[in-house]
Protein chains: 2
Amino acid sequence: MLKNVKCARCVKCGKEYEAVPNLTNCECGGILDIIYDYDYIKANLTKEKLAARENRSMWRYRELLPVEESTPDTPLRVGWSPLYEEPRLAEMLGIKKLWVKDDGQNPTASLKDRASAMAVAKAQEAGAKIIACSSTGNAASSLAGNAAAAGLKTYIFVPERAPKGKVAQLMIFGANVISVKGNYEETFKMSAEAIDKYGWYNRNAAINPYLSEGKKTVALEIAEQLNWEMPDYLAISVGDGCTIAGVWKGLKDLYAIGFIDKLPRLISAQSLGCYPLNKAIQENKPWEPMEENTIADSISVGVPRNADKALNAIRESNGLAVNVSDEEILAAQKLLGKTCGVFGEPAGVTGTAALKKACEEGLIPSDATVVSVVTGNGLKDVANAIKSAGEPINIKPDLDLMVEEFAKRGVIVE
Amino acid sequence: MLKNVKCARCVKCGKEYEAVPNLTNCECGGILDIIYDYDYIKANLTKEKLAARENRSMWRYRELLPVEESTPDTPLRVGWSPLYEEPRLAEMLGIKKLWVKDDGQNPTASLKDRASAMAVAKAQEAGAKIIACSSTGNAASSLAGNAAAAGLKTYIFVPERAPKGKVAQLMIFGANVISVKGNYEETFKMSAEAIDKYGWYNRNAAINPYLSEGKKTVALEIAEQLNWEMPDYLAISVGDGCTIAGVWKGLKDLYAIGFIDKLPRLISAQSLGCYPLNKAIQENKPWEPMEENTIADSISVGVPRNADKALNAIRESNGLAVNVSDEEILAAQKLLGKTCGVFGEPAGVTGTAALKKACEEGLIPSDATVVSVVTGNGLKDVANAIKSAGEPINIKPDLDLMVEEFAKRGVIVE
């Protein structure tokens, strides 16, 4: 029995379920939301208690997480990623303050580690020895890594087109990887069939309601790292919607227990090549599937699986929906690299690209304070980094030649 | 004036120098070592004081570092990487306890961030606005990232053969990259000439004596994370020798101020394709240049630039010199991945490969406690990971086929 959780409630029909470890969707097909007992949490967690805690991982927020007291922390150090204040970039963008949360600094190099660590914890509560999911990217590699460290087996279904590098990560972590001759939809269906047949623990996004509870820890950390003084805006990239929904959940939790007295407006960043959720916001109508046509592969999601929670988060926060081109994404990647020393993957920097665009379009006032979350490490996708970064000068070892070549690029060697 | 530092002393001729920020080699060509005032440090640092410190980066050890009190922490969060206890791997290796220190969890994904952060701090003390180095790998990318975050310019010289991915990291961080048509020796010489001509701050390894003082923080952290109870052995990969020398320096510092009462024996791990330092130990004679022939590119150093300090460290610690083949390195990469959820680059896991070999050869007693340091992230070198990891099964979406294909590989789906 979870002492801090009342139940799980369907966001569509309102039906309530007991919060057992192996929850999936509501029988109506809706996504479940974990409902907390905030009175219990308030009585058991104070800012002072938290400040005194040694634990520097997502598990420092146990009172706000849907796990049993006896469930051990998962082995890899997930969370407590750095939040950098970036005065130079704030000045360039024309805003008062900017912080960059580098969530690429997680064990398998993406924010998804937070969800996968939660999946591992809940699988252990369920007595499961095997976890499965279908994914081509960060969800897969984070599950493989976190499960391996905990001694759990994984079956991971990827479409044949999955990039070799990401498959290599899975194989290194010892996952049983099934490369499916088919598209993503067929891969997903095969995983669902196998999970059903073998009774594996399900880590498919937007089916297991605990995953976004893991993801919300990024918001809890931002709040604590800012000493509970919230920014005006929080920018984050959006694909299937689980992450932005998790962020909003974390913020609302903190508001409910009185740790923060203000909720930031969310900046929902999608790619112009695929923005079904932002389109729904912008046109104020139900979302519709879109083509998937962007280099930001982790958010190239034409049929978002967590649309309900995500749209609700953006609307409730009085958020902004901002779409950016691949060129703007690559430019943001370079800008973050050379100004902040932060190297994000394309989907990882889409939030910053959207923030920049919103600033340029006058949507953000000059006295605004903003947090931009970088959700994944650029080393995951070196091919696109090369596109954005350009080639170095290539010369014989001769200093005069060097000066000459740099001059052509507008660099005065001094 | 550094209050905690007496001077810099040449390890070859003993000549002493004032510890100014832009120190390079001794006039005799020897490498300098920073000499501390341990009485001053003892009077100013206690374990309790340290335990109460919020700072979770390498700069929490300021009293043991050669920087002015007024020098700010560098911006990126370098250090305080996780130390994982690994009971399952310890059992497989037949030792009592094993911890893995994952230093791939640094901002630019390698231990070299510790040295580059130090270089940035000292460059700022020297009033320099530009830092330069020659390197093909982690030293370069860590310098580029840490300098960018601090608003300093960099000139980085790489041989033409440098892998595209690493060059892309440099370009993303906004470094001025010179790809030199020539080998590494010519590249190094060109960088030296340019540094000399333009007066840039020098971050070339084994020339700037402050760099290994940054690297030593990995040992300080291990000791503190183990609550000052040191292991019997510490395994680490060795290339030019700066890292193992830094590790030993950190351990001796802690011993000198009474924080630890035992020094571990170092396991110096080199590749069978290039092991000039281990050869010198094994044959007990001066080191000689060797061919460079290993996939572990970061330690493929035929002419180690910090041989004196490294050999001294191995000998003083009564260390073991263990050489491993590329196959053993790739096997260790997979072993760490599937048992610990830690993905290291080939050079990064060479210490673990050597530990495994030493265990198999009966060199390590079964009651031994060991720390193995993983020095860089596997995402830096995906091509070799693919070699070690193998290919997944590739099938049509059909569960029976899946069961059949896994059976061929000895995996019973259940």
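Is Glu404(B) buried, exposed or partly exposed? Glu404(B) is partly exposed, at a relative accessible area of 46%; here buried means under 20%, exposed over 50%, and partly exposed in between (1.4 Å probe, protein chains only).

## About the model

This is a predicted model, in which local features need pLDDT of at least 70, side-chain atom pairs count only at pLDDT 80 or more, and totals for chains, interfaces and linings use all residues. Residues are numbered from 1 along each chain as its sequence is written, chains are lettered from A and ligands numbered from 1 in the order in which they are written, and side-chain values use heavy atoms, without hydrogens and water.

## Chain A overall

Chain A holds 16 helices and 14 strands (DSSP runs numbered from the N terminus: helices are H or I with at least four residues, strands are E with at least two). Its C-alpha trace spans about 70 × 50 × 45 Å along the principal axes. Of its 414 residues, 65% count as buried.

## A buried loop residue

Let's look inside chain A. Val238(A) sits in the loop that links β10 (233–237) to α10 (242–256), and it is buried, with a relative accessible area of 1%. Its C-alpha atom is separated by 8.3 Å from that of Gly351(A), although the two are 113 residues apart along the chain.

## Back to Glu404(B)

Glu404(B) belongs to helix α16 of chain B.
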